[in-house]
Amino acid sequence: MLRIDTHQHLIPPDYRKALRKAGIDEAGGRALPDWSPEAALQTMADLNVGTAVVSVSTPGTTFFPGRADAAALARDLNDYTAQLVSDHPDRFGFFATVPMPHVDAAVAETVRALDDLKADGVVLLANNAGTYLGEDGQDVLFEVLNDRAAVVFIHPADLPGPTVPGVAPFAADFLLDTTRAAYLLVRNGVRRRYPDIRFILSHAGGFVPYASHRMAVAIMADSGASPADCLDDFAGFYFDTALSSSAAALPTLLAFAEPGHITFGSDWPFAPVAAGKLFAAGLEVYPGLDEAAHRAIDRDNALRLFPRFGSAPPPAPRPAVAGLRHIASRAVVRGLARVLNAR
């Protein structure tokens, strides 16, 4: 059984040249790695991946401050990646790059990429030059995505502030960045208003599964939203396992995510093959997963998002233990809400 990797990146040659011209030779505190279609296919063989849905990682188009330059770069990236998919239709899919935070240009490129290039979804950075996904003024983009029941891959970017010496952004800041975007998508009602968008949060959602109850109560205190509804919105994201299928993180993710909402991710080439193998092994040896659960994470859950790669059985019901945890967690949130409201 070959995996479907929903978190794999590409670095087209002209994109690398544009980054170097702008004085950018790293992303998230890591040097830009080598990439080629041939190396990608070899890595997929090493990780038992049959199909990879590739995307351009941070900084995307945000290093171009002007709308026109950012839009032109997005078009070039999507044209290149669409050709890659055309050359290897069974091996690659792609998330289209859109030039956020220029919403009008992002809408135009989203329509072109999904309708004309037949992209498998779009990648949106958690923040684009300091503008976070889920902030006001983005509804026209979400409407276009919702109308197409699009898959949206949310990938972190550098935080809009100075880095902390000794803390590589990819190690900790990226997790916060994803969490901030998820928080705003729930807090500002985007998840409820646009229910047909399937959002994938990279790296197991950052801190979302771990801190979801605390965030749900905070949203209730801030906006009056039902904390139980917020918890459901957080659990209804999709989550990939890139660099996250560890003995510490995996139990929380499995207990929290809705059934069928976890997909395999490698983060190659920014994560080397050795790291991909290490975290894949974490999935393979985890004692709480039977054969069907392994198959769901490795392949079946992604097939429901991307049916052109094949068919999958319906998702299994939530295991009894996980279901009890979910019910109990909702009860805890309600109890905390009552305590706060009584103050």
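This is a predicted model: local features need pLDDT of at least 70, side-chain atom pairs count only at pLDDT 80 or more; totals for chains, interfaces and linings use all residues.

Reader: What is the strand order in the open sheet?

Author: The order is β1-β4-β5-β6-β9-β10-β11-β12, 8 strands with parallel pairing. Strands here are DSSP E runs of at least two residues, helices are H or I runs of at least four, and both are numbered from the N terminus. Two strands pair if DSSP finds at least two bridges between them.

Reader: Which strands stand at the edges?

Author: β1 (3-9) and β12 (262-263). Each has a single partner strand, so one side of each lacks a neighbour in the sheet.

Reader: How many bridges does β1 make with β4?

Author: β1 pairs with β4 (residues 49-55) over 5 bridges, in the parallel sense. Q8 sits opposite V54 in β4.

Reader: What does α3 touch there?

Author: α3 packs on the sheet and touches β4 and β5 (92-97). Contact means heavy atoms within 4.5 Å. The direction of α3 makes about 170° with that of β5. Axes are lines fitted to C-alpha atoms, for helices over the stretch in contact, and angles run from 0 to 180 degrees between N-to-C directions.

Reader: And around β10, what stands opposite I200?

Author: F153 does. Strand β9 (residues 151-155) runs parallel to β10 (residues 198-201), joined by 4 bridges. In β11, I200 has Y238 as its bridge partner. β10 and β11 (residues 238-240) pair in parallel over 2 bridges.

Reader: Switching to helices. At what angle do α6 and α8 pack?

Author: About 40°, with the axes of α6 (residues 173-187) and α8 (residues 208-223) 11 Å apart. The two helices are therefore oblique to each other. On that scale, under 35 degrees is roughly parallel, over 145 roughly antiparallel, 65 to 115 roughly perpendicular, and the rest oblique.

Reader: Which residues meet?

Author: T179, A182, Y183, V186 and R187 in α6 meet V208, M215, A218, I219 and D222 in α8.

Reader: Now electrostatics. How many salt bridges does the structure hold?

Author: It holds 13. The criterion is a side-chain nitrogen of Lys or Arg within 4 Å of a carboxyl oxygen of Asp or Glu.

Reader: Take R308. What does R308 bridge to?

Author: D120, with the closest N and O atoms 2.7 Å apart. R308 lies in the loop between α12 (291-305) and α13 (320-341), and D120 in the loop between α4 and β6 (121-125), so the pair ties together parts 188 residues apart in sequence.

Reader: Is D120 buried or exposed?

Author: D120 is buried, at 13% relative accessible area. R308 is partly exposed at 45%. Buried is under 20%, exposed over 50%, partly exposed in between (1.4 Å probe, protein chains only).

Reader: What about R192?

Author: R192 meets D233 in a salt bridge, 3.0 Å from N to O. R192 is in helix α7 (residues 190-193) and D233 in helix α9 (residues 227-235), so the pair ties together parts 41 residues apart in sequence. D233 is buried at 9%.

Reader: Which residues form a network?

Author: R75, D79, E109 and R112, joined by salt bridges that share partners. Within it, R112 and D79 meet at 3.1 Å, N to O.

Key. Residues are numbered from 1 along each chain as its sequence is written. Side-chain values use heavy atoms; hydrogens and water are left out.
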